[in-house]
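Please give a short report on this model.

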Amino acid sequence: MSHFSNELKMEFFVADAERVFSENGKAQPLSHWTYKLVTRSFLESYQRPPVVACNIIPSNFIKGPNYIDFCTWHRFSDFEWLMRQIESEFPGIILPPLPEKEFGGIVDKFTGNFSEAREGDAKNHPLIQQRIRQLQLTLNALSRLVLVHESEVFKAFTTLEDMEWHTYKEERDLETTKPIMASIKNSFMSFISKINSSTRASSEGDSTPPEVVAILEREKQIEQHLRACAKAIEQLVTLMTTKMRRRGDVESTCQPLAGTCVSPLACFQTHMVQLGTDIGRTGVVKRIASDRALVEWDTGSDGASWTPLSELRYPKSGVSDPEVLVLHKFVAQIDSYFAHLCNATELGSLNDVLNMLLFISKFASRCVHAIERLKKMGSNISLPTKGESDCATEAGRIQLMKDNLQSGYSRLLHEYDGFYHPYRSKLLLGVAHSVREVFSNLMIDDWNARLSYAFSLVNRDIELSEDDNEKGIASTNREASPGEHQ
């Protein structure tokens, strides 16, 4: 399994995805996708399955010399459930973000019931391939978040087979779900507590540690900056994949004029023409007198000669004016470069950069969310409000909440310094390296060479030498007065 190494104690790989129409042995009205998760663990607690108590002997693992590989299948909602459970178990933990749900996924649930969709696989499904890549980013971060590796819920998620996983999930939900009336009572008491705590806010102030407040402000700014960078990359990708592809062939716009007569009103000095009596023979107009033009021909022994305007034709390009031709060549060079960008393999790398920037910005948002959640825990702490006989119990409850809050802040600071900040720095360095590599490859095209080539196509000597002028004047005199030779 080349996707794994010995650098980490746990590693994960999203190996595949499959569309299914049932869950836990029951048929479902709409289809959904499940993702194949391969987990490799070097931790001692994972080496002797079952890692979590279950009713069957597991068979979804392969034992290595100093590691064990588990194969499990999960739908996207299972990943969301796992994150909620971990967040509840470890207040203050900074969890990596999951991919956002998209409207296309909702549509896919319905279209999946059609026969054509049933035959499709994950490799040909762009939405699923994108989600697999995004899930892999999340799992890469979880492989470095060692705090959760020994959690029971995390072990269940990464090791239990399908039926046992659903059983475990249902039992845990029953344990953590409060009765309706108890939930209503707790919500009401929480509301009263917030009112009481708000009246003391001015005197007691915010209990959030200063270093956590500094982290909160910094992460908010970082999230904004990263989203701005991601937006710029997204606009570039959109430009390369849509707007650039709609550009037309500029050189072909004047092609219908090729070989047609040049109007005397449209024939000027330095214009390029071809000879109507000898198609293919091209030249440059040096001078115009009456109904004739002095043309310097590219071929033949005549050099510059006077030719009736009626015999001049537009060249093969359909463009006679050299300035217009230069413009066409410049635009053609730009079009060819755009075509190069649209078809460049670096475009895929640019999409990877975009996905990584969005991931890191959402990671910063998750850090902000963890702090805001701790602040909310602090706002729920209130002084005793019951009778004197219950003051001791209430005080004990409040002290426990304070201890949990302090533990949460300590956990957040520890994980921020030990996991989140260094890991984010590593990701940002990777992004910077990828951006430099992508743009160095995209800009490898030499613009100076392109411009020189465009100039060379129209770089003709349009200035007449004295000999040419004398020859042209003599020819004009002879052709202007043909009677003198008779």
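## Aromatic packing and confidence

Y420 is buried, with a relative accessible area of 0%. Buried means under 20% relative accessible area, exposed means over 50%, and partly exposed lies in between (1.4 Å probe, protein chains only). This is a predicted model: local features need pLDDT of at least 70, side-chain atom pairs count only at pLDDT 80 or more, and totals for chains, interfaces and linings use all residues. Residues are numbered from 1 along each chain as its sequence is written, and side-chain values use heavy atoms, with hydrogens and water left out.

Y416 and Y420 both lie in helix α12, four residues apart, about one turn of the helix. Helices are DSSP runs of H or I with at least four residues, strands are runs of E with at least two, and both are numbered from the N terminus. Rings of Phe, Tyr and Trp (its six-membered ring) pair if their centres lie within 6.5 Å; planes under 30 degrees apart count as stacked, over 60 as edge-to-face and the rest as tilted. By this rule the count comes to 13 aromatic pairs. W81 and W165 form one that is edge-to-face, because their planes stand at 85° with the ring centres 5.4 Å apart. This pair links distant parts of the chain: W81 is in helix α1 (residues 76-89) and W165 in helix α6 (residues 162-176), 84 residues apart. Both W81 and W165 are buried. The pair of Y416 and Y420 is tilted, at 5.4 Å centre to centre and 40° between the planes. One aromatic cluster takes in F359, F363, Y416, F419, Y420 and Y423.

**Charges over rings.** A charge sits over a ring if NZ of Lys or CZ of Arg is within 6 Å of the ring centre and within 35 degrees of the ring normal.

| Charged residue | Ring | Distance to ring centre |
|---|---|---|
| R40 | Y67 | 3.8 Å |
| R131 | F76 | 4.2 Å |

**A residue of helix α12.** N404 lies in helix α12 (residues 391-442). N404 is partly exposed, with a relative accessible area of 39%. N404 and F90 are 314 residues apart in sequence, yet 9.9 Å apart in space, C-alpha to C-alpha.

**The sheet.** Five strands form an open sheet in the order β8-β7-β6-β5-β9, with antiparallel pairing. Strands β8 (304-308) and β9 (312-313) stand at the edges with a single partner each, so one side of each has no neighbour in the sheet. Two strands pair if DSSP finds at least two bridges between them. Four bridges join β5 (residues 272-275) to β6 (residues 278-289), which run antiparallel. Q274 has T282 in β6 as its bridge partner.

**Cysteines.** The structure holds zero disulfides, a disulfide being a pair of cysteine sulfur atoms within 2.5 Å. C54 is partly exposed, with a relative accessible area of 22%. C367 is buried, at 0%.

**Confidence.** pLDDT is the predictor's confidence in each residue, from 0 to 100. The chain has a mean pLDDT of 80, and 76% of its residues reach 70 or more. Over residues 113-119 pLDDT stays under 50, and the model has 10 contacts beyond four places in sequence for them. Contact means heavy atoms within 4.5 Å. Residues 199-204 are also below 50, with four contacts beyond near neighbours in sequence.
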